[in-house]
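This report is for a reader meeting the structure below without any background. Please look over the sequence and the model before reading on.

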Amino acid sequence: NMATINLTKENLDSIRELASCAMSIKEVAIILGVDEKEFKVLATDPTTEIYKAYKAGELETKAKINKAIVKMAERGSNPAQIMAKKLLEHTNIENQD
């Protein structure tokens, strides 16, 4: 049952850290030693603390990667410039819902 997943600050920090390392929801559940199906239900529900921790970790890594791409683009890397242009289109305020 859902009560088997202990929501301590340490567990939420672990979820965030593991997500930031690009670990899948299933992999995080295995590492934490919790039921994979229950964990997936919670990790995909935007109202849960587990979802918020997982998503935060995921987005932290995305931000680091985007920052590196922008830095490489500024240094003249053509592939990075192409990627940075796509990132900027994605983040353009007019393109967001």
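Predicted model: local features only at pLDDT ≥ 70, side-chain atom pairs only at ≥ 80, totals over all residues.

## Serine 20

S20 belongs to helix 1, which spans residues 9-20. Its relative accessibility is 15%, and because buried means under 20%, S20 counts as buried. Apart from neighbours within four places in sequence, S20 is in contact with G57, E58, E60 and T61.

A polar atom of the S20 side chain lies 2.6 Å from the backbone oxygen of E17.

## Helix 2

Helix 2 covers residues 25-32, and I25, V28 and A29 are buried in it. Viewed down the axis of helix 2, the buried residues fall within an arc of 100°, so they line one face of the helix. An α-helix has 3.6 residues a turn, so residues three or four places apart point the same way.

After helix 2 comes G33, which has a positive phi, near 75°.

## Salt bridges between helices

Side chains of opposite charge can pair when their charged atoms come close. The model has six salt bridges. One of them joins the side chains of E60 and R16, at 2.4 Å from N to O. This pair links distant parts of the chain, with E60 in helix 4 and R16 in helix 1, 44 residues apart. E60 is partly exposed at 31% relative accessibility, and R16 is partly exposed at 36%. E60 is also among the residues in contact with S20.

Another salt bridge is formed by K26 and E36, whose closest N and O atoms are 4.0 Å apart. Here too the pair links distant parts of the chain: K26 is in helix 2 and E36 in helix 3, 10 residues apart. E36 has 34% relative accessibility and counts as partly exposed.

Which residue does E49 meet in a salt bridge? Its partner is K52, and the N to O distance between the side chains is 3.6 Å. Both E49 and K52 lie in helix 4, three residues apart, about one turn of the helix.

E49 is partly exposed, with a relative accessible area of 43%. K52, at 41% relative accessibility, also counts as partly exposed.

Notes
Residues numbered from 1 in each chain as written. Heavy atoms only, no water. Helix = DSSP H or I, 4+ residues; strand = E, 2+ residues; numbered from the N terminus. Buried < 20%, exposed > 50% of the residue type's maximum accessible area, 1.4 Å probe, protein only. Contact = heavy atoms within 4.5 Å. Polar contact = N/O pair within 3.5 Å; in protein donor to acceptor, adjacent residues only side chain to side chain. Arc of directions from axis to C-beta.
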